[in-house]
Amino acid sequence: MFRRERSIPLRGSAAALCNNLSVLQLPVRNLTHFGVVHGPSAQLLSAAPEGVPLAQRQLQAKEGAGVSPPLITQVHWCVLPFRVLLVLTSHRGIQMYESDGSVMVYWHALDAGDASLVQAVFARGIAASGHFICVGMWSGQVLVFDIPAKGPNIVLSEELAGHQTPVTDIATEPAQGQDGVADVVTADDSGLLCVWQSGPEFKLLTRIPGFGVPCPSVQLWRGTIAAGYGNGQVRLYEASTGTLHVQIDAHARAICALDLAPEVGKLLSAAEDTFVHIWKLSRSPEGGYIEVEHCHGECVPDTQVCGARFCDPSGSSFAVTGYDLAEILRFSSM
């Protein structure tokens, strides 16, 4: 069971975007960082365990070329082997900051030359894999940036072409240096999933076709892909083969966020039906099949949920954001 904890106030509501919450836990300093997008700005907040807000910072989208202020599409902390970077994506480009948002270390402007006049240009979907950061594009491409251990000498090392429609989300997990291991998965507006092996050159291992609805959020855990879809379903696939193991009719409306607590295999799903559910994933010792158990359901009444994340690797607490809700809701296990 989970109970409501003290909420963290926001300066404004979270924008109605999927995956609109990023969480970075700093156990050494006993702090948790939260990042939320609203329009042309992103709010960064630090909070103590009791939910007391200690610091706030507001980051603006870099203007780039254009007349209207650019809208931010996502904010996400990328934990790399030697550093943590905060990545902002918008309709103009990709901004990378030191983890506290104090210094911008890299700017990549989007090239709208390939877009038709009616096509929106944006970046969306952010994840770290080893010393790479992957960012999805409106064109279906995924940009791979090689990140040095320190300093601003970030290099665009590769452009992955696996999708025909805009990328929605990217998930990764450490490959532990094993050969041929699927450690990156990318999702798009058509529901297609592409599974990759990261490295100096990324390799496309398999494609998992969509079925007519978008896949706004995706996660990867021990070789299992968890994908949340616009029809409220959560599907679990074998990453290496693309085999469907489990299909859960988890929500009555579109899923807007998935998250995983890697230490315990807990999966969090949040959707536009105002519910947040927590599931326990495991593999049966006999056949190696994926098994799912429902652990908890939480209703956030009268709220269009747009972001939800675990606040620790053991899944004992989570946070939720909603459109027109000027606070981050926090829940912890009793």
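With which residue does Arg253 form a salt bridge, and how far apart are the closest N and O atoms?

Author: The partner of Arg253 is Glu272, and the closest N and O atoms of this salt bridge are 3.9 Å apart, where a salt bridge is a side-chain nitrogen of Lys or Arg within 4 Å of a carboxyl oxygen of Asp or Glu. Arg253 lies in the loop between strand S22 (244-249) and strand S23 (255-261), while Glu272 lies in the loop between strand S24 (266-271) and strand S25 (275-283), so the contact ties together parts that are 19 residues apart in sequence. Strands here are DSSP runs of E with at least two residues, helices are runs of H or I with at least four, and both are numbered from the N terminus. Glu272 has a relative accessibility of 28% and therefore counts as partly exposed, a class that lies between buried (under 20% relative accessible area) and exposed (over 50%), with a 1.4 Å probe and protein chains only.

The model is predicted, so local features need pLDDT of at least 70 and side-chain atom pairs count only at pLDDT 80 or more, whereas totals for chains, interfaces and linings use all residues. Residues are numbered from 1 along each chain as its sequence is written, and side-chain values use heavy atoms, with hydrogens and water left out.

In the model, the span 248-282 is 66% strand and 0% helix, and its end C-alpha atoms lie 15 Å apart.

Across the whole structure, the search finds six salt bridges. Among them is the contact of Asp189 with Arg124, whose closest N and O atoms are 3.6 Å apart. This pair links distant parts of the chain, 65 residues apart, with Asp189 in the loop between strand S16 (184-188) and strand S17 (193-197) and Arg124 in strand S11 (residues 123-129). Asp189 is partly exposed at 34% relative accessibility, as is Arg124 at 23%. Another salt bridge joins the side chains of Glu5 and Arg3 at 3.2 Å, N to O, and here Glu5 is partly exposed at 26% and Arg3 is partly exposed at 40%.

Phe211 is partly exposed, with a relative accessible area of 31%, whereas Tyr229 is buried at 0%. The charged end of Arg235 sits over the ring of Phe211, 3.8 Å from its centre, and Arg235 also lies over the face of Tyr229, at 5.9 Å from the ring centre; such a charge has NZ of Lys or CZ of Arg within 6 Å of the ring centre and within 35 degrees of the ring normal.

Elsewhere, ring pairs link Phe2, Phe318 and Phe331 into a cluster.

Methods. Rings of Phe, Tyr and Trp (its six-membered ring) pair if their centres lie within 6.5 Å; planes under 30 degrees apart count as stacked, over 60 as edge-to-face and the rest as tilted.
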